[in-house]
Amino acid sequence: MKIAIDARTMGSRPSGVGMYLNDFLNQLIKYDDLEFYLLSDVAESEYIRNFEKMGIPVVTQGKKIYKSVGVYSYFSFVQRELNRIKPDIFWEVNTVIPVKLKGDFRIMITVHDMFPIEYVQYFGRVYSLYFKYGLSKTLKETDMILYNSRQTKLTTEEYFPVSRNIPNCNGYIIANPLKKTWENSDKDFFLYVGNMEKRKGVDLLLKGFQKYRQNGGTRKLVLAGKMQEDDIRIQLQEAMDKDSNITYLDYVTHDKKHELYASMSAFVFPSKAEGFGMPVIEVMKFNKPIIASNLPIFQEITDGSINTFDIDCGEKEQIDNLAAMLNNYNPWVDESAYRNTVSRFSPQKLGKTVHDFIMEQKI
């Protein structure tokens, strides 16, 4: 079966969606009955280049896509390539297909969350309307859906009842085993890794950490991830100007991220909206304490084996709750519970789940 994939989220400095594709593709290419073609705006990341080295065809438009107008131009390129490749399936990993694609192939999309609809304040009204309109159009042409969690499936079906009638699979997100052994230490700092944006609770983390310090806390704070919002950039700079115990590392490599996991005191993930939360599962492989907001998704994927603080309240209470948790989190880790959680998201298990789903939908 020939599958063409929109791989632009993996083309340059991939974050959540790009790494989701990278991890599943590494498993799916092991199946001889699947043949892949990757389409992207550029091919700059180590991840997409690795697939090129393995002989997976990668075709690029040749320029990075940033704005909505560029996306429409990009899909003109995608349509031309689909006409040439003639795949059995086109896989849109980034949920929305903004144009109607023509061809004798089935369309599979991955739905990661409904956040542009649920949390308009983080995305803006224009993008929220674009997402809602675009996904309603996309679902009319969609033959198969991959969800990254049960929570995402339920929310999608609530907003788009038509999705209930489309064959679907809960693929979750792969947790890859560590490729090398890291020696754990405690260098007395809290760590956040993720996109630098309000939806991820970075504004809450900066305020909560400052309150923690005012309350006598002594640990430092290290943040790493792509800067996504000017408001966060300004808030971060102001916080660092006031407190030299806050460090921002920008986007970090895979190995650097693991080095940070191994040397931190605890991981802090104060997300206000999350489709899955892969860093939480990644940290479990290092047997380090985790502090996260009390979103339902974290209960779903961790079975309650982490420290959580309440965000079902106003901002002042959220800040106070986080600061209190930074001061009083439980440093003990249930390693058995961590192992059981990580095993649910093993590459082989989830790769087979998605492979079998694809083959079951074969015409």
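Me: In which strand does Asn307 lie, and what makes a run of residues a strand?
Reply: Asn307 lies in strand S13 (residues 307–309). Strands are DSSP runs of E with at least two residues, and helices are runs of H or I with at least four; both are numbered from the N terminus. The model is predicted, so local features need pLDDT of at least 70 and side-chain atom pairs pLDDT 80 or more, while totals for chains, interfaces and linings use all residues. Residues are numbered from 1 along each chain as its sequence is written, and side-chain values use heavy atoms, without hydrogens or water.

Me: Why does Asn307 count as buried?
Reply: Buried means under 20% relative accessible area, exposed means over 50%, and partly exposed lies in between (1.4 Å probe, protein chains only). Asn307 has 12% relative accessibility, so it counts as buried.

Me: Which residues does Asn307 touch?
Reply: Contact means heavy atoms within 4.5 Å. Leaving out residues up to four places away in sequence, Asn307 touches Ile290, Ile291, Ala292, Met325, Tyr329 and Asn330.

Me: Why is strand S2 called largely enclosed?
Reply: Strand S2 covers residues 35–40, and five of its six residues are buried, so the rest of the structure largely encloses it.

Me: How do you know that S1 and S2 pair?
Reply: Two strands pair if DSSP finds at least two bridges between them. S1 and S2 have five bridges, in the parallel sense. In one of these, Asp6 has Leu39 in S2 as its partner.

Me: What joins S4 to strands S1 and S5?
Reply: S1 (residues 2–6) runs parallel to S4 and is joined to it by four bridges; Ile3 stands opposite Ile89 in S4. Four bridges also join S4 to S5 (residues 106–111), again parallel, and Glu92 stands opposite Ile109 in S5.

Me: How do you know that both faces of strand S4 are covered?
Reply: In a regular strand, side chains alternate between the two faces of the sheet. In S4 (residues 89–92), Ile89 and Trp91 are on one side, Phe90 and Glu92 are on the other, and all are buried.

Me: Why does the radius of gyration of the protein agree with a compact globule?
Reply: The radius is taken over C-alpha atoms, and the globule rule is 2.2 Å times the number of residues to the power 0.38. For 363 residues a compact globule would be near 21 Å; the protein has 21 Å, so the two agree.

Me: How many helices and strands does the protein have, and what share of its residues count as buried?
Reply: There are 15 helices and 13 strands. Of the 363 residues, 55% count as buried.
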